[in-house]
Number of protein chains: 4
Amino acid sequence: MAKQINTIGVLTSGGDAPGMNATIRAVVRTALSKGKKVVGIKRGYNGLISGDIHEMGSKDVSDIIQRGGTILHTARCLEFIKPEGQKRGAEMCKVFGIDGLVVIGGDGSFKGAEKLAGLGINTIGVPGTIDLDIACTDYTIGFDTAVNTAMEAIDKVRDTSTSHERCSVVEVMGRDAGYIALWCGITNGAEAVLLPEKKNMSQEELIRMIIENRNKGKRHNLIINAEGSSEDSVKLAKKIEEVTGISTRATILGHLQRGGSPSAVDRMHASMMGSIAVDLLCEGKSNRVVAYKEGQYLDYDINEALAMQKSISEKRYDLSKILSI
Amino acid sequence: MAKQINTIGVLTSGGDAPGMNATIRAVVRTALSKGKKVVGIKRGYNGLISGDIHEMGSKDVSDIIQRGGTILHTARCLEFIKPEGQKRGAEMCKVFGIDGLVVIGGDGSFKGAEKLAGLGINTIGVPGTIDLDIACTDYTIGFDTAVNTAMEAIDKVRDTSTSHERCSVVEVMGRDAGYIALWCGITNGAEAVLLPEKKNMSQEELIRMIIENRNKGKRHNLIINAEGSSEDSVKLAKKIEEVTGISTRATILGHLQRGGSPSAVDRMHASMMGSIAVDLLCEGKSNRVVAYKEGQYLDYDINEALAMQKSISEKRYDLSKILSI
Amino acid sequence: MAKQINTIGVLTSGGDAPGMNATIRAVVRTALSKGKKVVGIKRGYNGLISGDIHEMGSKDVSDIIQRGGTILHTARCLEFIKPEGQKRGAEMCKVFGIDGLVVIGGDGSFKGAEKLAGLGINTIGVPGTIDLDIACTDYTIGFDTAVNTAMEAIDKVRDTSTSHERCSVVEVMGRDAGYIALWCGITNGAEAVLLPEKKNMSQEELIRMIIENRNKGKRHNLIINAEGSSEDSVKLAKKIEEVTGISTRATILGHLQRGGSPSAVDRMHASMMGSIAVDLLCEGKSNRVVAYKEGQYLDYDINEALAMQKSISEKRYDLSKILSI
Amino acid sequence: MAKQINTIGVLTSGGDAPGMNATIRAVVRTALSKGKKVVGIKRGYNGLISGDIHEMGSKDVSDIIQRGGTILHTARCLEFIKPEGQKRGAEMCKVFGIDGLVVIGGDGSFKGAEKLAGLGINTIGVPGTIDLDIACTDYTIGFDTAVNTAMEAIDKVRDTSTSHERCSVVEVMGRDAGYIALWCGITNGAEAVLLPEKKNMSQEELIRMIIENRNKGKRHNLIINAEGSSEDSVKLAKKIEEVTGISTRATILGHLQRGGSPSAVDRMHASMMGSIAVDLLCEGKSNRVVAYKEGQYLDYDINEALAMQKSISEKRYDLSKILSI
């Protein structure tokens with residue numbers, strides 16, 4: 001028989017992402033609408049271990065759907081990687097009567113959720129990361145906002161790059177994944193995109209392309225470099241300038257990509273996924289992760305989800321080349 | 001044997017939508033990369049009839065991916081609804097050697113494309129409308145930008161509505177469809193959404209909800225009213241104020257929802273769909289419309305596509321109610 | 001001898017404006033840095049009369065500099081227009097020990113402040129209104145954000161107006177003043193601006209201009225209509241379309257102009273003016289309004305300030321005509 | 001007798017700034033409205049020397065008031081620093097009949113204008129630089145947009161910095177001047193601002209402040225570092241993290257600060273100053289620079305202007321400290 005859930009906990013863990021607040025709001029309000037008690041846990045698994053746990057009402061999540069960051073704060077928690085930490089977390093769930101837990105974060109956070117599930121706490125993961133690097137889902141909360149933030153910043157870099165007829169190398173986030181970079185490559189109309197997942201153009205090929213572009217009359221070049229690619233943005237810019245004589249600047253967009261008011265896509269997915277996570281708990285499910293796959297919301301076993309592989313779209317990669325002619 | 005395509009025409013028709021320029025760019029550059037000649041047709045089918053047709057090179061679509069509107073201009077064309085107009089259009093295609101045509105627009109524009117296909121011109125439709133009211137596809141170019149524009153405007157209305165503890169009625173576009181309204185309802189955290197597709201709350205129910213919200217301590221209410229719903233926004237606001245005594249304001253967002261730099265989602269779909277339209281023409285296909293369905297790009301016969309029905313998501317409609325408690 | 005101030009009250013009154021929160025923050029933190037106690041008064045003079053008054057610490061104004069609206073809420077207060085209401089307000093100041101009061105708002109709010117000053121409460125007004133209609137100052141908090149909001153919305157209207165080769169009539173706020181309209185006229189490159197302060201072009205002159213523009217090859221026209229002008233936007237659009245045959249749309253931007261995160265100019269003026277208001281109170285001054293005049297922060301006697309007249313810049317009005325050729 | 005002006009040239013020089021296009025538009029349209037011929041010169045003084053000079057009509061500046069960058073392109077020109085280069089420039093003016101020249105740029109560009117004036121070409125400088133480092137004027141075109149771009153980016157950094165309870169060091173542009181940094185310091189509510197004009201807090205003082213903030217319960221710190229200050233942002237962040245144990249990240253905003261659609265303030269000053277520059281030429285003036293001083297538009301002799309000194313506002317610097325408590 002499925003476990004009856006009375007109190008639902010919610011935490012955000014790992015790197016923050018726009019839309020985490022909208023997810024918290026959806027968890028809290030869906031749970032309240034089903035007559036459950038809800039508690040918010042601060043600073044990810046740290047707050048679970050230390051008992052930084054607080055009851056949340058409907059008004060506690062008023063006026064946050066449009067806010068960046070996370071009102072519950074987030075952190076990585078080294079202690080929770082070890083079995084003792086996990087055991088303390090599970091005990092604290094019992095102390096606070098938490099029989100269902102929603103974990104908003106990435107793969108690392110889901111590993112923690114899986115451990116708690118093994119210790120008898122029903123847990124559901126919701127994918128929240130700007131990097132889109134969770135294999136079981138086509139979408140992770142925060143990605144769309146991060147791409148739009150990067151894209152709009154790069155539109156501005158392009159203005160000045162065009163005025164000065166320069167080459168610009170812009171580095172975007174994504175850790176080991178190139179999704180943000182590939183999206184910016186296409187949506188900013190970049191001349192080249194360097195990805196961790198692809199054997200990149202060699203520096204020689206890249207420089208030859210820039211020179212050929214000049215020969216064709218193109219007066220500025222935009223190169224998007226993924227954080228996880230093999231090229232260092234600053235060194236690459238220097239090299240391009242040295243060899244071609246074309247003034248070249250590197251910009252590393254940095255942490256601004258993690259913040260800002262979430263886009264409509266992020267608010268929508270956050271609202272749907274947060275609500276579904278509570279539905280799953282109320283159905284007695286545990287050790288599942290909410291996913292969006294081929295236009296549908298689904299859920300996967302966390303262990304299976306963590307074992308999946310993901311690759312970037314070849315069609316999109318090819319498109320980024322065709323459209324930059 | 002599939003018809004060999006040498007010259008591809010492209011036009012935008014009907015109401016404009018952000019991302020139309022990104023689509024034109026993708027059509028032009030994909031066609032050029034395949035060695036085809038490309039011509040741009042001005043003001044939709046009007047320009048086809050009058051011969052306002054111009055060759056386009058790669059530079060003609062430089063620096064437009066981020067621009068709102070359409071460089072080809074757009075219009076509705078009454079003459080093209082009649083058989084003589086269609087025949088003149090087909091003849092003009094022959095005069096300019098256009099053997100493949102990409103039509104960017106909505107259902108009305110696709111009807112024209114279907115007529116041209118019947119007259120021997122290979123045509124492919126690309127869905128471009130902010131209204132999302134094309135049944136065969138989960139996405140239409142322009143929708144995401146329009147939703148974000150409306151949502152950000154409503155976030156601002158909410159600031160002042162909260163400060164003054166008012167009720168706000170905000171009318172969003174969408175013609176006979178409620179997609180923009182439903183998305184704003186969820187992403188702006190509205191207290192109620194009035195849709196054409198749903199038997200709306202009666203005025204009495206709506207007013208009772210507002211009074212109950214006041215009794216619960218909610219100090220402001222946000223009502224999203226779809227353009228195509230049965231309620232007049234100004235009259236509704238007046239009625240709410242009269243009955244409840246709560247200061248109420250109506251805002252009709254209007255045409256700003258059609259403009260602005262396209263979002264990342266719109267630039268991506270525009271690039272993919274524009275490119276796919278050219279691929280289809282080059283494969284000898286005709287009378288097809290490009291669609292995005294369950295995470296995949298597909299194409300449908302235009303006649304079949306026009307016969308399909310679309311409805312709004314019940315899950316999302318229910319969610320809009322649960323999350324506004 | 002100047003009165004010693006121990007407790008400073010702050011309230012926002014009248015129509016809200018972006019930057020009010022930044023002003024409150026500056027008042028609170030400057031007062032605290034001088035060792036004063038600070039209390040926030042809710043809903044303008046209503047909260048003063050009803051005693052809705054709460055002590056504020058430094059953290060109460062954390063993370064609000066970038067928020068639209070006002071955390072203290074605002075309202076118009078009919079009761080405070082009458083002498084009894086004013087007397088009750090002054091008594092409540094004594095009950096809460098408020099010996100200095102900062103009133104953030106417009107002329108109407110300053111009249112109340114002047115009454116309180118007459119009843120022995122030291123008061124300082126800070127100009128906060130999007131309308132810029134306070135005669136003694138070149139700047140009022142909220143104006144720059146409102147202009148940018150309107151301007152960006154009109155940039156979007158222009159995209160679609162250009163695509164469709166339409167005429168657009170856009171109505172902006174400003175009550176009886178035309179400052180927002182004039183700024184939008186120049187910064188959006190409008191073909192005409194209709195202001196309350198000017199004998200406008202007659203409908204005949206306006207329509208003749210539109211036809212002449214068409215004859216010159218201009219394919220779209222943008223008319224900015226101030227809320228306080230003598231023309232009704234919807235009727236004017238209808239008239240233009242009737243006479244010229246050019247498709248014409250009216251957009252009334254409405255309350256979104258009051259909200260949104262304040263611009264840098266608004267945050268800066270808000271921070272400076274809020275801080276100066278506290279400085280003036282601590283110097284024992286009363287019945288003064290903070291002003292920004294010819295690049296300097298000054299203060300005026302409220303009665304003198306209320307008696308001043310303001311007119312729009314002729315140079316700017318002329319410029320709006322020259323640049324729209 | 002004042003020289004009669006028939007043909008006016010316009011160029012943009014040095015670093016680009018948002019609003020340069022709006023300035024070009026104002027120069028072109030004001031000159032045309034006075035019956036003058038206008039020519040645009042490409043890539044600053046390079047185009048003057050090489051004769052890359054083109055007549056401009058009213059439509060050439062349509063739809064550019066809202067665009068970032070400069071349609072005339074810009075560059076630094078080493079050749080023009082030498083007398084021969086200047087002589088060639090003056091000769092090219094005669095070849096193209098340019099008897100009045102508007103130079104949009106910074107101090108370096110004005111030095112070139114002064115040389116041309118000495119060679120008989122009437123020249124007027126218009127201050128266009130994001131750095132605000134021109135002594136004779138309170139405003140330079142581009143500053144407001146750059147500050148808003150930086151401020152909005154830093155608002156986003158703050159979201160993630162708050163969620164993670166981190167310290168953020170953000171480096172903003174400004175070359176040897178700290179205006180952008182000081183404005184961001186105040187408008188973003190930073191805990192500290194490091195400026196070139198001030199003997200900064202030592203690293204020890206800064207770190208002590210961060211620790212004291214932690215002791216007071218402040219969970220995140222924002223440090224704005226001006227490009228021209230004595231601190232290296234990356235090294236400073238590393239040092240703070242080492243000593244305090246607080247996770248600290250450096251972000252160097254970079255070239256995005258130069259781009260983007262100009263703000264209302266920039267479009268307004270650009271329109272006014274560009275128009276005034278033409279007025280001055282038509283009055284026969286030369287070797288002047290347009291300035292905005294204490295709320296008025298004025299003009300100064302270029303040599304006098306270049307000799308002036310500018311300092312940052314002490315009041316504002318003090319305010320940045322008071323409001324960050």
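## A buried annotated residue

Asp131(A) is buried, with a relative accessible area of 2% (buried means under 20%, with a 1.4 Å probe and protein chains only). The UniProt annotation "active site", from an unreviewed entry, covers Asp131(A); such annotations may be inferred rather than shown by experiment.

Asp131(A) sits in the loop between strand E5 (122–127) and helix H5 (143–164) of chain A. Helices of at least four residues and strands of at least two are DSSP runs. Asp131(A) touches Gly174(A), Arg175(A), Ala177(A) and Tyr179(A), leaving aside residues up to four places away in sequence (contact means heavy atoms within 4.5 Å).

## Basis of the model

This is a predicted model: local features need pLDDT of at least 70, side-chain atom pairs count only at pLDDT 80 or more, and totals for chains, interfaces and linings use all residues. Residues are numbered from 1 along each chain as its sequence is written, chains are lettered from A in the order in which they are written, and side-chain values use heavy atoms, without hydrogens and water.

## Chains C and D

A rotation of 180° with 0.0 Å of shift along its axis superposes chain C on chain D, with an RMSD of 0.0 Å (least squares on C-alpha atoms of residues with pLDDT of at least 70 in both). The two copies are thus related as by a two-fold rotation axis. Of the residues of chain C, Glu294(C) comes closest to that axis, at 2.1 Å (C-alpha).

The copies meet through the same surface, because 100% of the interface residues of chain C are also interface residues in chain D.

Note on methods. Buried means under 20% relative accessible area, exposed over 50%, partly exposed in between (1.4 Å probe, protein chains only).
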